[in-house]
Amino acid sequence: MNTAYCFDLDGTLTRQELLPLIASSVGLEDEISALTQATIEGLLPFDKSFKLRVRLLRDARLDWIHEALERHVEFDESILAFIAAHPDQSFVVTGNLDLWVRPVLDKLGIRSFTSVARLDEQGQLDGVERILHKGDAVSSLRSRFERIVAVGEGMNDVAMFEAADWRIAFGGVHAPNKELVKLSDFVTYDGKALCRLLSTL
């Protein structure tokens with residue numbers, strides 16, 4: 001069966017949340033970490049939380065952000081190996097801004113769905129043009145794939161799970177959101193175990 005694998009980015013493919021790393025470039029780690037954690041736990045709606053976090057980080061220099069991500073982002077090597085073996089079937093589905101995470105996504109070398117930045121006349125970040133709805137990303141793959149497997153860990157992955165055929169909550173970095181677990185067909189806490197599961201579906 002022709003299967004697409006849709007992976008969340010932060011805390012799923014990576015071993016850390018990216019926005020706190022981005023915030024470190026302008027000294028806002030505590031504020032962004034608190035907002036990120038509240039969003040993961042479902043205490044704040046993703047859209048509102050994300051717009052607030054973008055507003056806080058709007059003046060951060062893009063080269064500083066990319067340098068911070070280049071230096072500190074670590075990937076789950078087992079999942080990367082699975083993606084390398086299935087490049088045409090693997091997709092990143094992240095609410096993060098395209099402008100910020102492009103270097104990280106370029107390393108993965110697969111198609112991605114992201115939120116889109118709004119730029120001012122000088123080409124600087126002005127806000128959010130479009131926040132990705134993860135369910136729409138999954139739905140857009142339906143014409144090409146018979147089955148879609150979603151892997152994620154946060155509250156903002158609920159829409160992706162609802163649109164997928166198989167749903168795997170992954171707790172490789174932190175415990176997956178409780179609401180997401182309720183929607184899941186499987187829950188796993190280790191990258192190698194996740195890849196074994198993906199290979200058997």
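## Close-up views of a predicted model

**View 1. The second largest pocket.** The second largest pocket has a volume of about 160 Å³. A pocket here is an open set of points on a 1 Å grid over the protein atoms alone, where a 1.4 Å probe fits, with protein on both sides within 12 Å along at least five of seven lines; a cavity is a set of points where the 1.4 Å probe fits but cannot get out; lining residues have an atom within 4 Å of a point. Grid points are joined across faces, edges and corners, and a volume is the space filled by probe spheres set on the points. This is a predicted model, in which local features need pLDDT of at least 70 and side-chain atom pairs count only at pLDDT 80 or more, while totals for chains, interfaces and linings use all residues. Residues are numbered from 1 along each chain as its sequence is written, and side-chain values use heavy atoms, with hydrogens and water left out. Lining the second largest pocket are Leu57, Arg58, Asp59, Ala60, Arg61, Leu62, Ile65, Leu99, Trp100, Gly123, Gln124 and Leu125. Helix 5 and helix 7 are the elements that give two or more residues to this lining. Helices are DSSP runs of H or I with at least four residues, strands are runs of E with at least two, and both are numbered from the N terminus. By class, the lining has seven nonpolar, two polar and three charged residues. Ala, Val, Leu, Ile, Met, Phe, Trp, Tyr, Cys and Pro count as nonpolar, Asp, Glu, Lys and Arg as charged, and the others, Gly among them, as polar.

**View 2. Helix 5 and its buried side.** Helix 5 spans residues 62–72, and its Ile65, Ala68 and Leu69 are buried. Buried means under 20% relative accessible area, exposed over 50%, and partly exposed in between, with a 1.4 Å probe and protein chains only. The three cover an arc of only 95 degrees around the axis, so they sit on the same side of helix 5. The arc is that of the directions from the helix axis to the C-beta atoms. The buried residues of helix 5 pack against helix 2 (18–24) and helix 7 (98–108). Contact means heavy atoms within 4.5 Å. Glu67 is also found in helix 5. Glu67 is partly exposed, with a relative accessible area of 43%.

**View 3. Helix 7 and Trp100.** In helix 7, the buried residues are Trp100, Val101, Val104, Leu105 and Leu108. Seen down the axis, they fall within an arc of 105 degrees, so they line one face of helix 7. Gly109 follows helix 7, with a positive phi near 70 degrees. Trp100 touches Leu19, Ile22, Val54, Leu57, Leu62, Ile65, His66, Leu69 and Leu125, not counting residues up to four places away in sequence.

View 4. The largest nonpolar core has 43 residues, of which Phe7, Leu9, Trp100 and Leu198 touch the most other members. Apart from it lies another core, of 17 residues, among them Phe91, Leu132, Met160 and Leu180. A nonpolar core is a set of buried Ala, Val, Leu, Ile, Met, Phe, Trp, Tyr and Cys residues joined through side-chain atoms within 4.5 Å.

View 5. Helix 11 covers residues 191–200, with Gly191, Leu194, Cys195, Leu197 and Leu198 buried. The buried residues pack against strand 1 (3–7), helix 6 (77–85), strand 5 (147–152), strand 6 (166–170) and strand 7 (186–188).

**View 6. The largest cavity.** The largest cavity has a volume of about 200 Å³. It is lined by 18 residues, and Asp10, Glu17, Phe46, Arg53 and Asn156 are the closest to its centre. Helix 3 (29–40), helix 4 (46–57) and strand 2 (90–97) each supply at least two residues of this lining. By class, the lining has five nonpolar, seven polar and six charged residues.

**View 7. The second largest cavity and Thr12.** The second largest cavity holds about 40 Å³ of space. Thr12, Thr14, Arg15, Asp76, Phe170, Gly172 and Val173 line the second largest cavity. Thr12 lies in helix 1 (residues 9–13). At 1% relative accessibility, Thr12 counts as buried. Thr12 touches Asp76, Ile79, Val151, Gly152, Glu153 and Phe170, not counting residues up to four places away in sequence.
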